[in-house]
Amino acid sequence: MSAAARTVRPVSIASFAQSQNVRKDDERNEVEGLMPVIAEVFGNIGITKADVGFICSGSTDYLIGGPFSFVMALDAVGVWPPKSESHVEMDGAWALYEAWVLLQEGEIDAALVYSFGRSSLGDLNEILTLQMDPYYEAPLWPDIVSLSALQARALIDAGKATEADFAAIASRSRRDALANPKAQVRNDTAPEVLLADDYVVAPLRRHALPPITDGAAAIVLAAGDKALEWSDRPVWITGFDHRMETHSLGARDLTSSPSTAKAAEVAGVAAGKIDIAEIHAPFAHQEIIVAEALGLDDSVVINPSGGPLAANPMMSAGLIRIGEAAERIRSGQADRAVAHATSGPCLQQNLVCVLEGA
Amino acid sequence: MADSEVLHAEHRLEYPYSRSTGPIIGAFLTGLRDGKFFGATGSDGKIIVPPTEYDPITSDDVGELVEVGPGGVIESWAWVSNPLRKHPRTTPFAWALIRLDGAGTAMMHAVDAASPDDLATGTRVTAKFRPAAERIGSMSDIEAFVVEGGAA
Amino acid sequence: MADELTTDAADLGPVTTLATPIRLDFDFTPGVAQSRFLRGLEQGKFMGQRCPSCNQVYVPSRGSCPTDGVPTTEDVLLANVGTVTTYCVVNVPFAGQSIEIPYICAQVLLDGANVSFMGLIQEIPTDQIRMGMRVEAVWVDESDLTPSLASVRYFRPTDEPDADYDTYKEYL
């Protein structure tokens with residue numbers, strides 16, 4: 001066990017649920033889309049909202065274009081009698097982090113975390129531009145695909161990857177997604193075939209981009225007796241950290257991820273053998289950067305769920321990485337896993353969560 | 001409920017933000033209006049362009065402003081065959097991270113080139129400013145960067 | 001802006017502000033339950049939904065009971081009349097105002113509903129509005145009905161005596 005692991009209160013991923021990931025869910029509003037996910041995440045372990053002491057959500061109002069949409073989303077849980085509640089304008093993985101920190105204090109033993117987002121309502125390229133520096137970058141409206149292409153080119157020019165590597169990652173992700181009924185892009189297509197795609201923004205071809213996805217996800221965290229009561233094989237969080245880098249794109253080395261490396265160090269990734277890694281790398285080349293920063297060797301199975309290249313629901317894709325990694329430990333396929341989530345352009349901010357079976 | 005019964009509506013969100021620049025960003029934008037580039041001196045003496053009020057690595061206050069550019073080197077680039085509606089160019093162009101002469105960091109802008117074959121990491125480019133009367137103190141005062149000594 | 005562009009640059013002071021307008025376009029969908037409410041307005045009706053757990057009726061419903069967090073599946077046709085639970089008289093002009101001031105803005109609890117919603121009260125001097133007043137919806141002409149709250153022109157007093165405080169005290 002790492003130093004980090006010894007100092008934390010054991011908290012388990014007690015339950016995980018996610019919606020079907022689809023290109024466009026224009027039937028249901030956010031609440032209607034979330035309700036079945038919340039019902040499933042409680043139903044998996046036979047509990048109700050009365051059993052959790054804290055609720056934390058991750059979403060962004062810009063996706064729907066309405067302020068405080070996250071407040072209305074609470075209708076999907078039904079917060080009566082009143083519950084302690086919080087929200088982050090971040091992927092649900094960061095909401096999970098907030099809940100985990102609260103559980104460390106020891107006053108509560110269980111928390112619900114959920115996240116949601118319909119990327120299909122607006123123009124995701126334009127919406128994501130608003131996360132950029134508002135003086136120097138956003139006024140030029142650089143889209144996330146172009147920014148990621150700048151990063152991919154830098155990686156190629158540094159001799160750390162080739163376009164064929166991107167295609168191989170995309171091919172593997174889509175093929176692995178065949179075993180994931182919730183994934184959106186599922187097929188067995190050889191890398192050579194993918195390399196015949198046109199460039200969207202060179203050097204990125206269609207397959208190296210994530211799909212645009214509507215979806216939601218939820219996790220129940222449990223500590224103490226509840227963790228043992230709610231699972232025969234608890235999946236423990238043994239290390240958890242997140243770090244960020246400057247928003248000045250031109251001041252960063254885009255070919256590496258020092259924030260991931262630092263978070264991995266604090267979370268204690270290297271303290272034992274990693275069996276699987278669920279990496280939130282929305283663009284194919286970013287998987288190479290994150291895997292290196294996490295210090296993974298070739299024996300680690302990366303993104304057995306298909307990863308974000310097979311389904312990338314904004315605000316949930318990071319939380320889903322943690323849920324997918326936990327499911328593989330719970331099922332006995334892995335004993336120790338690392339899950340990663342990212343936020344911001346070109347891997348600006350990164351979160352690392354180490355999970356271990358009992 | 002049948003699909004047709006679920007309503008759709010066009011929804012437009014508009015915010016006419018006007019931001020205070022502060023002294024450092026304001027100096028850079030004033031420089032652009034005058035057709036010049038300024039950077040700020042970072043903790044290790046490196047010139048940060050475009051300048052921030054603090055060193056992005058050490059968070060220390062930055063030192064004096066120094067003129068840099070207008071020429072520089074492409075550090076990375078990405079070719080856009082089909083510009084999006086809000087992009088700064090309407091015809092195919094490249095986004096690039098450009099390290100101006102004298103700068104220690106790169107700035108992002110558009111590069112106007114006829115073909116991706118004209119560009120590479122390491123290619124020298126220079127800023128093409130809009131006419132003085134059209135400049136207002138914003139990144140769009142630079143029409144684009146062009147290959148140094150090129151036809152554009 | 002046009003003036004600035006024609007001014008001699010030498011006369012301009014340092015740049016201190018930057019205009020960064022944002023415009024985003026969405027294809028908004030309100031979901032199943034809210035579409036049902038809006039379709040009701042198109043027919044000149046207030047449609048609500050009942051919670052299967054606590055039996056409260058919400059109008060408009062977003063498809064869930066905000067108390068219990070369960071789907072509200074039973075549609076309920078509500079009355080065209082209701083009770084003013086609280087109100088204010090607007091005397092302040094603001095950008096985009098479409099109604100002549102002063103006017104009354106009130107929370108109206110429709111008969112059969114367990115939540116009130118905001119409506120305009122007209123056909124009454126502003127100094128005569130009061131809590132408990134019974135009001136009815138006045139709709140636009142049938143040919144002008146749309147799936148929007150614009151289909152309700154306003155509420156106006158009925159001839160009924162005021163509602164007893166106990167009938168709406170839980171809804172303030």
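In chain C of this predicted model, helix α2 (residues 32-42) lies across strands β2 and β4, running at about 150° to β2(C). Chain B has its own helix-on-sheet arrangement, with α1 (residues 22-33) packing on β2 and β4 of that chain.

- Three strands make up an open sheet here, in the order β3-β2-β4 (chain C), and the pairing is antiparallel.
- The edges belong to β3 (57-58) and β4 (74-78) of chain C; each has a single partner strand, so one side of each is left without a neighbour in the sheet.
- Strand β2 (residues 46-50) of chain C pairs with β3(C) in the antiparallel sense, over two bridges.
- If you want to find that pairing on screen, look for C:Arg50, whose bridge partner in β3(C) is C:Val57.

**The sheet in chain B**
- This open sheet has three strands in the order β3-β2-β4 (chain B), again with antiparallel pairing.
- Its edge strands are β3 (47-48) and β4 (65-68) of chain B, each pairing on one side only.
- Helix α1 of chain B touches β2 and β4 of chain B, and its direction makes about 155° with that of β2(B).
- Four bridges join β2 (residues 37-41) of chain B to β4(B), in the antiparallel sense.
- One handy landmark is B:Phe38, which has B:Glu67 in β4(B) as its bridge partner.

**Helix α11 in chain A**
- The buried residues of α11(A) are A:Ala284, A:His285, A:Gln286, A:Glu287, A:Ile289, A:Val290, A:Ala291, A:Ala293 and A:Leu294.
- Just after α11(A) comes A:Gly295, with a positive phi of about 75°.

**Where α6 meets α11 in chain A**
- The axes of α6(A) and α11(A) are 9 Å apart, and the two helices pack at an angle of about 60°.
- That angle makes α6(A) oblique to α11(A).
- The crossing of α6(A) and α11(A) is left-handed.
- On the α6(A) side you'll find A:Gln151, A:Ala152 and A:Leu155, meeting A:His285, A:Ile288 and A:Ile289 of α11(A).
- The residues of this contact split into four nonpolar, two polar and no charged.

How values were computed
Residues numbered from 1 in each chain as written. Chains lettered and ligands numbered in written order. Predicted model: local features only at pLDDT ≥ 70, side-chain atom pairs only at ≥ 80, totals over all residues. Pairing = 2+ DSSP bridges. Contact = placed C-beta atoms within 7 Å. Axes fitted to C-alpha atoms, helices over the stretch in contact; angles between N-to-C directions. Buried ≥ 20, exposed ≤ 12 C-beta atoms within 10 Å, placed from the backbone. Parallel < 35°, antiparallel > 145°, perpendicular 65-115°, else oblique. Left-handed = near helix turned anticlockwise from the far one by under 90°. Nonpolar A, V, L, I, M, F, W, Y, C, P; charged D, E, K, R; others polar.
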